[in-house]
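Morning, everyone. I'll take you through one model today. Please have a look at it first.

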Amino acid sequence: MANTVTISPLTRIEGHLAIHTETEAIADSKKVKITEARCEGEMFRGIETILQGRDPLDAQQITQRICGVCPISHGMASLMAQEMAYGVAPAKNGRLAQNLILGANYLQSHILHFYHLSALDFVDIKAILKYNGADTTLKSLRAWVENAVSSNSVFPAAPFLPRYEVNQYVPGDQENWRLISNYLKALKMRSVAHEMCAVFAAKMPHSTSLVPTGVTGEITLERILSYKSRLDKLTEFIETVYLPDLILAAKAFPDYWNIGASYGNYLSFGNFRMEEKVGPDVQKFFPAGALINGKLESVDTNKIREYVGNSHYSSPSGLHPYEGQTTPSPEKGYSWLKAPRYDGAPMEVGPLARVMVAYQTRGYEWLKKEVDETLASAGVKLEQLNSVLGRHLTRGLEAKWVGKQLYAWLSELEIGSPAAKEFSIPQTGKGFGLVEAPRGALGHWLTIENHKIKNYQCVVPTTWNCSARDDKGQPGIVEKALEDTVIEDPKQPIEAGRIVRSFDPCIACAVH
Amino acid sequence: MKNTIFTRRDFLKLGAALAASASLPAEMASVFAAGLEKMANLTRIVWLQGQSCSGDSISLLNSIDPEPADLLTRYISLVLHQNIGAAQGDVFMETLDKTSQTGDFILAIEGSIPLNMAKACVIGGRPFEQILLDLIPKAKAVVAIGTCATFGGIPAAEGNPTGSGSVQDFMKKHNLPWQNKLVNCTSCPVHPDAIVGTFAYIAAKGYPQVDPELLTPKMFYSNSTHDNCPRYHYYERKIFAKHFGDPAGCLFKLGCLGPLTHTECPNRQWNSGVNWCIRSAAPCIGCSSPNFAKKKDFPFYRIGEQSHEVNYTETQRKGV
């Protein structure tokens, strides 16, 4: 008889997610193996419906509020869709400032993901009780935990406890102390990355300065220096703390090079505009591409469809986003996420997908070289990037590459030149904007009629990754990645949590 | 339990920092200091997310005085948090139930509540409404965090499919007494100082002075953004910015809602004070207001008003 393993709610991600799995017993042990998994998104707002009939300019503010972790990605997708519909290209300073905001938010999001969302699956926070060194931060953290434990507090050391009490955390006190110390440092560093965003974005989360063609704020020397001084701190942190910690985690958990593989099909829309153009063919810093069965093709957005056969919607299934509909039917299906497919195939999106696409794209020899060197030093093969550790590692490498590139864009800014252009909203128009959010490919599709939004649809990274089954019954990317996973303790399925978190899910985004 | 980590001097310093950036009266510094000290010893925060984007949680992590690491490990006991807490699955739900039985906590609610579609927000298989019905009566205070929780925000905008409402709407619907219990820390996202300051005040003194209608704590939401606007002199001289990115001019004719908005933005600014909307020539979009994003024919910007119908007069946008 099949048993079930469940994480409900699956926390330390953005939003409301539950994982339900069917398992089979493994002989002579209490271990089980997952045979089938379901990802259930549990929160719905109906943002696309709310947008209908509104001024198109409202969209970049409202869609930013789809997600407080990656508002800039939604803002950018919306602005690019609007620019295409308005027939206006960005100002040079505007494009650069947008890249600087988006890139700084990558750093913020990737650091948050590794340390504050994922690390507690690996780090033994209780190791702090044995701390005997001289670091004042760690000493006072130890005192705090000791106090809480000795006073019989009902909730000692929250929010770091309670947790799954399994014997599967990083071994070694020194290693744990280092990771705990860096968890705390990373809290500060991610807020410094947000300060970088705010230099050009006005505030974070939810930028008010983003507008079609650029940003509202002036490009001044003061702003450039303010951004650069923070970027210096961030790049140092990424190279001397984040990447070494990733390697530490990879060494402590080598099995995770072979755990969490999904279909191995990857989609990237490309990211960071390198020229003042609109539309899908604009040249970008990270390339666009669809990698299916090992074969790379250029992205054709006509191949994108969203299925709702197993989702809480009664609107027609299999629509292209320009025609997409979102009619809720809460009792139908098992998730609020739709099931986007590319040419019928489930596609993984995110840093791993961006790297796999770039790896095979001409002109990215620098990236290929660095990936090859990293793989060689870790002693793993390219195929093993399709794993929990592969996703973490490509995210970390990407933080380094983006950090480096931000200096280049900063140096191209022209002090005193305009950062936005004038434009008007046409009576009718159509446009779509494709970007890469930190967690993967994001597209917004906009139709304007009578100067107002007629239809608006968002196809979002975590919708690709955490989707429900499609109408043919094909499991989504995360559902597939969970299959065949061995769980040591079915009541505390920490392995499943690690797999899901490696995708950096955002459910508020995915459902919207 | 005595706090052995921080000295009274530390609390005084941070209390002063919280009060100073908004030029609050000097006695507020000692109230904040006392509050922070009490929080360190006592205050459990249960933070739950409804129809939210997690933006307020992320904003909390942008706190500067105290910094986020100190906030989490020294000032508050964040019993439950969906984004950063270690607890997941059954462990999360067991902690939720234990909290409910133990009482003695401040309930922080981020996001709105789907009042007509229970399934539109579920945590651990339980409808969010059911969780709130259990926890709200046991909480010593309820703090609505961010505009979705305070006034419904975007999920409750015109044409929304879930019947979304604010925490106050929810409490009224279920006849839960909200007077002297519910505090609305509004804006999208909420400013970290407003969250930390409100928690500190509640810990030290109990329920704060609030606007009788909006339930926003007066210490953080009394001033009109317009009145303290650095571009106010342009408004006085009727010099208006003509397009986005115009370095000079009042932003009113681009859509600025500063006159209708009550925040501390001009004083506190955002992200450790590096910037804020007006300083970046970005019109205020009124993100702290009860009307934020609510109406289709009241857009954020005025660029389109020549081409399509809107439902406001210039006077309405100015307020009275």
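Chain A has 14 helices and 14 strands. Those are DSSP runs, numbered from the N terminus: H or I of at least four residues for helices, E of at least two for strands. A caution: this is a predicted model, where local features need pLDDT of at least 70, side-chain atom pairs count only at pLDDT 80 or more, and totals for chains, interfaces and linings use all residues. Residues are numbered from 1 along each chain as its sequence is written, with chains lettered from A and ligands numbered from 1 in the order written.

Next, overall shape. The C-alpha box is roughly 65 × 55 × 45 Å along the principal axes.

Now one sheet. It is open, antiparallel, and ordered β1-β2-β3-β14 in chain A. Its edge strands are β1 (3–7) and β14 (486–487) of chain A. Strands pair if DSSP finds at least two bridges between them. In chain A, β2 (17–25) and β3 (32–41) share nine bridges. Which residue of β3(A) is the bridge partner of Thr21(A)? Ala37(A).

Last, the contact between chains. It takes 84 residues from chain A and 77 from chain B. Contact means C-beta atoms, placed from the backbone, within 7 Å. On the chain B side, α5(B) gives the most, with six residues.

Terms used: Contact = placed C-beta atoms within 7 Å.
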